[in-house]
Amino acid sequence: MDQLLLFVTLGFAGGAVYAVIAASIVSLYAATGVLNFAQGSLALWAVWVVAELRQSGTLVFPVGSVQLSSQPLPAWPAVALGVLSAAGLAIAAHWLVFRPLRTAPPLSQVVASVGLMLAIAALVPLRFSTDGVLAPALLTDRTLSVGGTVVNVSDLLLLVAALTVAVVLSVYFRFTRLGVATRAGAEDELAARLTGLSPDRLASVMWLLTGAATSLVAVLAAPTLGLDPIGYMFYVLPGLAAALLARLTSVIIACLAGVGIGVLQSVLLLLSSFDGWPVWAQAGLGDVVPFLLVIVALVVLGRHIPARGALGTVRMPAVELPRRPLPAAVALAGAAALAVGLTSGSWRFGVVTSIIMALIALSLVVLTGYLGQISLAAMAFAGTAGFLLSRATMSWHIPFPLSIVVSAGAATLVGVVVGLPALRVRGAQLAVVTLAGAVALQQLVFANPALTPFEGNLIADPTLFGWDLAVRRGTDLTTSAFATTVIVIVGVLTLAVARILAGATGQSFLAVRSNERAAASAGINVARVKLTGFALSAFLAGVGGCLIGYSRSQLSVESFNIIVGLSVLCMAYVGGITRISGALIAGLVAPLGVLYTLLNGTLGLGRYYTLIAACALVVTAVLNPAGIAGGATGLLRGHTRREVTS
C-alpha cells in the first residue's frame, strides 16, 4: 500500500501537465472549434526558454535572441519570460494560422495544427543546446510523511496548480462577460457576430490564457519530468484523451481526467515491475492508455461531443479523377529508371527512397484525399509490415515477394482495426485516434526491447528465381536490380490504384467524402466503403514499409518514428493530398528522399528538413489547400480558359 501511494503521488507531475493541456484544449475548442495538437509544443518551447535563461541569461526567440544578463537569470523572472514567450507564440498561431482557417475544412485545420506542432518541436534542437541541460528545481524540495510514505510537496503543488488553472478557466467561461460571449459564439457564431461580438478577439484572449497556463504548469513540472527535446510535444495525446472524456465541454472534468491518466500511467509502471508481469508489457504500456481512453471516449461518447457553430460552407479540396493512367505510369516509370541510371551513391539511394515514400504518400491520397478520413498513422502501418517482414524473412524463411504480401496483409488487418472508430467519428477526432494508435504501436511494439533485439530487426536480402535483388553489393550503396524492383512494384501498385479510383470504388469514396448521409441514401454501404479505404491505404503503406525494410536490411524504431510519419503527411498535403500526382511530388520532398539528399549532402542543411517540411505544411494549409499539384492544375486551367476567351 505504501508503494501504491508513492506511485500515485509520483503521477501528479505528469498528470498536472496532462490536466492543464486538456483544460486548454477544451477551452480552445469552445472558442475556435479547433482541436489544437500543438498545445504540448507550446509548453515545450516555454520549458526550454526558461532552461536557457537559467543557464546563460539568454532569451531565445524562434528567430534571434537577446542576452539579458551575463549571469544565469533568477528563477522567477526566467519563468515569467518563458511563459510570456509561449503566450506570444500562441497569439501568433491564432492570427497567422488558425484565424484564416476558421471556416476551412477539418483537414486543413488538423494539418495546420500538426504542422505547428512539428515546427515548434523542430525549432528546439536548432535554437537550444540540448546536451546535458538540466532543469533546476523551482518549487520546494520539502517532503511529507503520509501513512509511512514520503511524498514530495512539489508534486502536491503541481496538482494544486493544475486544478487552479481549471477553476480559473471554468470561472472565466461561466461568470465573466468575455467568457459568456465566447460560449455564445461557440453555440452560434453568426448570431454572435450580429450582436457585435468578435469571435476572433475572443479567441485571441483564449489563446493567450491557455498558452500561458499550459506553459506555466509545464515549466513548474520540468524539474520532475526532465528536459526532452520533443517529449512535451506528445503530452498532447493524454491531454486530448482527457479532453475527449470530458466531451470537449467541461474544463473541470477534463482536468480531473488528465490527472487520472497521469496517476494511472504511474501505477502501471509500478505493476509492470512485479514478478509475473509479461516481459513485453514492461515497456510502453503507459502510452497505450491514452489510445484506449480515446477509443472509449469517441466510441461511447462520440455522438454526444458537440459540433461548433461556424460561418459559411466547409468545402474539401477539389479532387481530379485519374485519366489515361497507363501512358502516365509508363512515362513516370521511364523517368524513374532514367534517374536511377544517371545517379549513384547517396543520390541513387535518395531517388529510390523518394519512389518508396511516394507509395506511402499515395496511401494518404487514397484515405484522406479521396475518402476524407484524416489519418496520422500511415507510418505505423508501414512499420507494422516492416517489422513483420523481419520475422517473415529471418525466422519463417518466407521468400520474396510472398514475404511482402504476408507482411502488407498484416498491416492491412491493423489498418482495418484502426479504422473501426471511423464508423462512429470523423474529422479531427479521427485524427486523434490514429495519432494515439500510432504512438501506442511505436512505444509498445517498435520501441519495446522485449520485441526488438539490440542489433535491430534484420531482414534477409530478396532474391527471385536465383536473381540477387539485394540493395547493396560491395561498395554499391543501391544496386540497379533493387532500384528496378522498387520501380516495378510501385509502378504496378500506382497504376492499380489509379484504375480503382477512376472506377466505381473511387466514386463511392468521393460520395462518402462529400456527404455520408446522402451516400447512404443512394445505397452505398458507408461502413464497408470506409473500411475498404483503410484496408487499401494500410496495404499500400505496408508495401512501402517492406520496401523500406529491404532498402535498409534492418529496421529500428527510428525507421518509422512518429516524426517521420507526420513529415510524410506534411509532404503529401504540400504535394496535393487529393491527387496521385501530389503523392509523386510528396515522394520527391519526403524524408531521406531527393530533396533531403540535396539539403543534407549538397547544401549541408539536412537538420533543417523537419522545420522546412512543417512550415511548408502550415503555409500550404493556409494559402493553398489543394497543394502543389492542385495549384499547378488550377493555373493550367486558368491559362487555358484565358486562351479560349481571347
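Guide: Let us begin with a definition: a residue counts as buried when its relative accessible area is under 20%. Please keep in mind that this is a predicted model.

Visitor: Is C570 buried or exposed, and why?

Guide: C570 has a relative accessible area of 0%, so C570 is buried. Another cysteine, C255, is buried because its relative accessibility is 1%.

Visitor: How many disulfides are there?

Guide: The general idea comes before the count. A disulfide is a covalent bond between the sulfur atoms of two cysteines. For a pair to be counted, the two sulfur atoms must lie within 2.5 Å. In this model the count is zero disulfides. C570 illustrates the point: the nearest cysteine sulfur belongs to C615 and is 9.6 Å away, and C570 is in no disulfide.

Visitor: How should I read a helix, and what is the span of α24?

Guide: An α-helix has 3.6 residues a turn, so residues three or four places apart point the same way. Helix α24 covers residues 609–623, which is 15 residues. From the first C-alpha to the last, α24 reaches 21 Å, close to the 21 Å expected at 1.5 Å a residue.

Visitor: Which residues of α24 are buried?

Guide: In α24 the buried residues are Y609, L611, A613, A614, L617, V618, T620 and A621.

Visitor: Which residues make the nonpolar surface patch?

Guide: The patch consists of L163, V167, V171, F175, I252 and L256, and its area is about 530 Å². Two elements, α5 (153–175) and α10 (251–272), each give two or more residues to this patch. Helix α5 gives the most, with four residues. I252 has its place in helix α10. I252 counts as partly exposed because its relative accessibility is 32%.

Visitor: Where is H94, and which residues is H94 in contact with?

Guide: H94 lies in helix α3, residues 75–98. Its relative accessible area is 1%, and therefore H94 is buried. Apart from neighbours within four places in sequence, H94 is in contact with R99, P100, D200, A203, S204 and W207.

Visitor: What can be said of V205?

Guide: V205 is found in helix α8, which runs over residues 199–225. With 26% relative accessibility, V205 counts as partly exposed. V205 and L178 are 27 residues apart along the chain, and their C-alpha atoms are separated by 8.7 Å.

Terms used. Residues are numbered from 1 along each chain as its sequence is written. This is a predicted model: local features need pLDDT of at least 70, side-chain atom pairs count only at pLDDT 80 or more; totals for chains, interfaces and linings use all residues. Side-chain values use heavy atoms; hydrogens and water are left out. The expected span of a helix is 1.5 Å times one less than its number of residues. Buried means under 20% relative accessible area, exposed over 50%, partly exposed in between (1.4 Å probe, protein chains only). Patches are made of residues with over 30% relative accessible area and no salt bridge: like charges are joined within 9 Å, nonpolar side chains (Val, Leu, Ile, Met, Phe, Trp, Tyr) within 5 Å. Accessible areas come from the Shrake-Rupley method with a 1.4 Å probe; for residues, only the protein chains shown count as cover. A salt bridge is a side-chain nitrogen of Lys or Arg within 4 Å of a carboxyl oxygen of Asp or Glu. Contact means heavy atoms within 4.5 Å.
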